[in-house]
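Subject: Handing over a structure

Hello,

Please have a look at it before reading on.

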Amino acid sequence: MSGKIFILNGPNLNLLGTREPDIYGALTLDDLRQACERKAEALGFEAVFRQTNSEGELVGWIQESGTDGDALVLNAGAYTHTSVAILDALKATGVPVIEVHLSNVFAREQFRHNSYVSPAATGVICGLGGAGYELAIDAVAGILKKGE
Ligand code: CA2
């Protein structure tokens, strides 16, 4: 099976590797992109890896993952906890969605325990750092291959 996996990142994730390594690890966003591209390629998929600080742009890309992609791995950053617009966009995609967070959001502040992404997600991975993205790619690859 070949196909396109969108891997979308929300606000402030461009800062990875520059600050707060105790929470988010030492990987830069570019390191993460390379790891995701390698993982997807090894499984026979193409990775489309993007980051934005804009909610509207993220909504547009989520829509694009439904029209031009086969699956979505999403770390919506802080919009996870605030954005009904992202939930509505996810519900309209029709592709498998894995929600990913680098940190264990449930071991952090109460406001991070609620997610507007989770109700529309096939699965959720958090607290495993960059490895969580690779596990999410594994998961969607498995789902897509099973549905062939
Ligand atoms: O753990 C995650 O992946 C989060 O989605 C990251 C978001 C946070 O708001 C979520 O609650 C959990 C924040 C991303 C900020 O990333 C930074 C990276 C380095 C330095 C500063 C911020």
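This is a predicted model: local features need pLDDT of at least 70, side-chain atom pairs count only at pLDDT 80 or more; totals for chains, interfaces and linings use all residues.

Residues are numbered from 1 along each chain as its sequence is written, and side-chain values use heavy atoms, with hydrogens and water left out.

The ligand sits in the largest pocket. A pocket here is an open set of points on a 1 Å grid over the protein atoms alone, where a 1.4 Å probe fits, with protein on both sides within 12 Å along at least five of seven lines; a molecule sits in one if more than half of its atoms lie within 2 Å of its grid points. Around the ligand there are 17 residues, and N75, H81, L102, S103 and R112 are the closest (a residue is near a molecule if one of its heavy atoms lies within 4 Å of it). This shell has eight nonpolar, six polar and three charged residues, where Asp, Glu, Lys and Arg count as charged, Ala, Val, Leu, Ile, Met, Phe, Trp, Tyr, Cys and Pro as nonpolar, and the others, Gly among them, as polar.

Which residues make polar contacts (pairs of N or O atoms within 3.5 Å) with ligand oxygen atoms? An N or O atom in the side chain of H81 is 2.7 Å from one, a polar side-chain atom of H101 lies 2.9 Å from one, and a polar backbone atom of A78 is 3.4 Å from one. Taken alone, the ligand exposes 510 Å², and the protein buries 95% of that (Shrake-Rupley method, 1.4 Å probe).

H81 is in the loop between β3 (71-75) and α4 (84-93); helices (H or I, at least four residues) and strands (E, at least two) are DSSP runs, numbered from the N terminus. The side chain of H81 also reaches the backbone oxygen of N114 at 2.9 Å. H81 counts as buried because its relative accessibility is 13% (buried means under 20%, exposed over 50%, partly exposed in between, with a 1.4 Å probe and protein chains only).

Elsewhere, the loop between β1 (4-9) and α1 (21-24) holds N12, and E20 is found in that loop too. Most residues other than glycine have a negative phi. N12, not a glycine, has a positive phi of about 75°, and phi of E20 is near 50°.

Best wishes

Methods. A polar contact is a pair of N or O atoms within 3.5 Å; within protein, one must be able to donate a hydrogen and the other to accept it, and residues adjacent in sequence count only if both atoms are side-chain atoms. On a 1 Å grid over the protein atoms alone, a cavity is a set of points where a 1.4 Å probe fits but cannot get out, and a pocket is an open set with protein on both sides within 12 Å along at least five of seven lines; lining residues have an atom within 4 Å of a point.
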